[in-house]
Amino acid sequence: MMNPMKALVFDGKLHLERSYPEPGIRPGWAKIRINSAGICRTDLELTKGYMGFKGALGHEFAGTVEDCGDKEWVGRRVVGEINAACRECEWCAVDMGRHCPDRTVLGIMNHDGCMAEYCALPTANLCTVPDNLPDDRAVFTEPVSAACEILEQVDVGKKDRCIVLGDGKLGILCAWALCTVSNDVTLVGRHESKLERARWGGLNTSPSSEKQPDASADIVVEATGSENGLAQALRLCRPRGVVVLKSTVAAGGELNLAPAVINEITLVGSRCGRFKDGLEMITKRDLPLNRLIDARYPLDEAEAAFEHAGRRGVLKILLEP
Ligand SMILES: [Zn+2]
Ligand SMILES: [Zn+2]
């Protein structure tokens with residue numbers, strides 16, 4: 001019989017459960033005590049029925065390994081990749097576990113998440129957090145890695161003109177990641193308060209009411225989360241440029257891809273990134289991540305925290321023990 005723990009559970013309804021079973025660990029897995037967990041847009045969408053998920057929510061965390069067959073890990077502070085791959089299929093064989101068709105995904109698909117006292121992941125997913133990196137920065141590893149994925153997929157040069165559409169957390173993090181490479185990055189968004197928080201290093205910001213010139217960018221990142229973001233991105237991208245798609249909104253509307261053909265634009269779908277890259281970016285660069293934190297709640301008040309995260313204009317809410 002497993003010990004009971006507190007967990008924020010979605011089973012058609014969102015509620016804090018006080019006697020949810022602690023995760024058991026299989027060989028090669030670690031049980032992790034959660035020090036900090038972030039609420040993200042995906043979590044809000046899951047509670048609206050996205051993916052049909054049921055269980056403990058949460059995929060952004062920093063924690064400490066409490067139990068593991070390999071005692072080397074016990075006591076280490078860690079963050080963890082969210083995709084737990086089968087390690088047997090042809091995708092896994094070529095080190096593409098993030099695309100394994102049999103994977104489970106922490107707090108998203110067939111796998112209890114980290115808005116709880118504990119979660120469990122394979123040790124292969126874990127990255128050790130450097131001693132000087134606090135939990136409330138390490139907890140951003142997942143979204144920062146997703147932003148760094150762009151640098152992995154697209155060859156961004158110092159002089160490349162980059163435009164990021166969307167001033168949500170992911171848009172801001174993508175803009176910051178691009179800023180570490182290019183000297184010409186503009187974040188376009190609708191909320192002056194968010195644009196203000198985003199200004200860092202050489203980043204330019206622009207309200208979406210101000211029209212950017214057509215075909216002016218070498219690279220456009222679409223992170224608006226809205227249906228017409230792609231059309232706008234295609235308009236701003238120069239011929240033979242690159243449009244990176246970060247929004248997962250299922251566009252039900254009409255999609256005109258003719259501009260992509262006429263201007264020979266490369267479309268790049270972009271999702272998660274490698275935690276090693278995200279962690280390195282957070283450790284080596286002084287990204288002002290604290291500016292993205294709107295509030296911190298104890299796990300006991302997770303329901304209130306969730307409600308806060310869903311309010312307009314809110315960027316990051318953290319859950320702490
Ligand atoms: Zn997330
Ligand atoms: Zn696999």
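Me: Two strands pair if DSSP finds at least two bridges between them. Which residue of β12 stands opposite V164?
Reply: V164 stands opposite L187 in β12. This is a predicted model, in which local features need pLDDT of at least 70 and side-chain atom pairs count only at pLDDT 80 or more, while totals for chains, interfaces and linings use all residues. Residues are numbered from 1 along each chain as its sequence is written, and chains are lettered from A and ligands numbered from 1 in the order in which they are written.

Me: How many helices and strands does the protein have?
Reply: Both are DSSP runs numbered from the N terminus: helices are H or I, at least four residues, and strands are E, at least two. In this protein there are ten helices and 18 strands.

Me: Into which domains is the protein divided?
Reply: Domain bounds come from an automatic or database assignment. Here domain 1 covers 4-139 + 288-320, and domain 2 covers 144-269. The centres of domain 1 and domain 2, taken over C-alpha atoms, lie 28 Å apart. Seven residues from domain 1 and eight residues from domain 2 take part in the contact (C-beta atoms, placed from the backbone, within 7 Å).

Me: What does the C-alpha trace span along its principal axes?
Reply: The trace of the protein spans about 60 × 45 × 40 Å. Of the contacts between residues at least 6 apart in sequence, 64% join residues at least 24 apart.

Me: Is β11 mostly covered or mostly exposed?
Reply: Burial is a count of other C-beta atoms, placed from the backbone, within 10 Å of a residue's own: 20 or more is buried, 12 or fewer exposed, in between partly exposed. Strand β11 is mostly covered, with four of its five residues buried.

Me: Why does R26 count as exposed?
Reply: R26 counts as exposed because it has 9 C-beta neighbours inside 10 Å. R26 sits in the loop between β2 (14-21) and β3. In sequence R26 and P122 are 96 residues apart, yet from C-alpha to C-alpha the two are 8.4 Å apart in space.

Me: In which sense do β3 and β5 pair?
Reply: Strands β3 (residues 29-39) and β5 (residues 60-68) pair in the antiparallel sense over eight bridges. The bridge partner of I34 in β5 is G63. Strand β5 pairs with β6 (residues 77-80) as well, again in the antiparallel sense, over two bridges. There, T64 stands opposite R77.

Me: How do β17 and β18 run, parallel or antiparallel?
Reply: Strands β17 (residues 293-298) and β18 (residues 316-320) run parallel and are joined by five bridges. P298 stands opposite E320 in β18. To get from β17 to β18 the chain goes through helix α10 (residues 302-309), and this β-α-β crossover is right-handed.

Definitions and conventions
Two residues are in contact if their C-beta atoms, placed from the backbone, lie within 7 Å. A crossover is right-handed if, with the strands pointing away from the viewer, the path from the first strand over the helix to the second runs clockwise.
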